[in-house]
Amino acid sequence: MENRGISVILFDLDNTLVDTAGAGKAAIHKVSELLKNKLDHANISDMCERFVRKLFEETFDPSSGQTIDRVRINHWYEAIQEAEVVDPGQSLASDCYYTWKTTRLQALALSPEVLALLEDLRCSYKLLLLTNGDSQTQREKIEALRCEGLFSAVVVGGEHDEQKPAAPIFTHCFELLGVKPEDCIMVGDSLDTDIQGGYNAGVRATVWINKRGGFPSDNTVTPDYTISSVLDLPKVLDNLR
Ligand SMILES: *[C@@H]1O[C@H](CO)[C@@H](O)[C@H](O)[C@H]1NC(C)=O
């Protein structure tokens, strides 16, 4: 293998470039205020926890003819019903969902520091955004962030047969940019999808964004580099040069 520098950086989106978890918390807070106004004496935190659990366990099949909006309205409907044991009505569930969705999208932002980093990196590297998730949800986030122009290509897992960590979606990325795996690094916060996927695909290096400072467990892949914030990426790039 020739030992030349890398030319492409593959970035995960959620909790790598943007604080999706923080935006999610802000959205839940907003819905809990709405619910407090509508439902007296109800256990609102129970409802919100149930919604978050349903979201986490969600499996969405676009070929079912359902929309993600419909599925998530139903998460709220069930969460309220399970906590309250009464029919909450479709309109309350719908209000909760659209409040959650709008608040989350509004709270999602590229920090000025991350924006500056990406602007800087794209002078020297091709940047590709590779995000898992259903098409509508991820495209809405990318639009809210107005970040598409920063990347040479944007690849959304839900628009392909297999998502990260499957190798074919990485191969698709390499082909889009006309590069080899060894020309690329993969940067992301998930060991199971980003780091395992980059490893499967044979990228030059994997970079794990480890915000919490814990250690990978024994049964996961070992990242080549670990940094606590994407803002530390330049140090890794210097090291690879
Ligand atoms: C509300 O629900 C949560 C979670 O189910 C439970 O831990 C808590 O005790 C409940 N609070 C009240 C006031 O019932």
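A polar contact is a pair of N or O atoms within 3.5 Å; within protein, one atom must be able to donate a hydrogen and the other to accept it, and residues adjacent in sequence count only if both atoms are side-chain atoms. With that term in hand, I turn to the ligand.

The structure is a predicted model, in which local features need pLDDT of at least 70 and side-chain atom pairs count only at pLDDT 80 or more, while totals for chains, interfaces and linings use all residues. Residues are numbered from 1 along each chain as its sequence is written, and side-chain values use heavy atoms, with hydrogens and water left out.

Which residues are around the ligand? They are Asn43, Asp46 and Glu49, where near means that a heavy atom of the residue lies within 4 Å of the molecule. An oxygen atom of the ligand lies 3.1 Å from an N or O atom in the Asp46 side chain. For Asn43, a polar side-chain atom is 2.3 Å from an oxygen atom of the ligand. The protein buries 29% of the 360 Å² that the ligand exposes when taken alone; such areas come from the Shrake-Rupley method with a 1.4 Å probe.

On a 1 Å grid over the protein atoms alone, a cavity is a set of points where a 1.4 Å probe fits but cannot get out, and a pocket is an open set with protein on both sides within 12 Å along at least five of seven lines; lining residues have an atom within 4 Å of a point.

The largest pocket has a volume of about 1,600 Å³, a volume being the space filled by probe spheres set on the points, which are joined across faces, edges and corners. Its lining holds 46 residues, and Asp14, Asn15, Thr20, Phe56 and Asp189 lie nearest its centre. Helix H1 (20-38) gives the most to this lining, with 6 residues; helices here are DSSP runs of H or I, at least four residues long, numbered from the N terminus. By class, the pocket lining divides into 14 nonpolar, 17 polar and 15 charged residues.

How many cavities of 30 Å³ or more does the structure hold? There are 2, and about 70 Å³ of space lies in the largest cavity. Among the residues that line the largest cavity are Arg72, Trp100 and Glu140. Helix H4 (90-107) is one of the helices that each supply at least two lining residues, and H4 has the largest share, 5 residues.

Key. Nonpolar A, V, L, I, M, F, W, Y, C, P; charged D, E, K, R; others polar.
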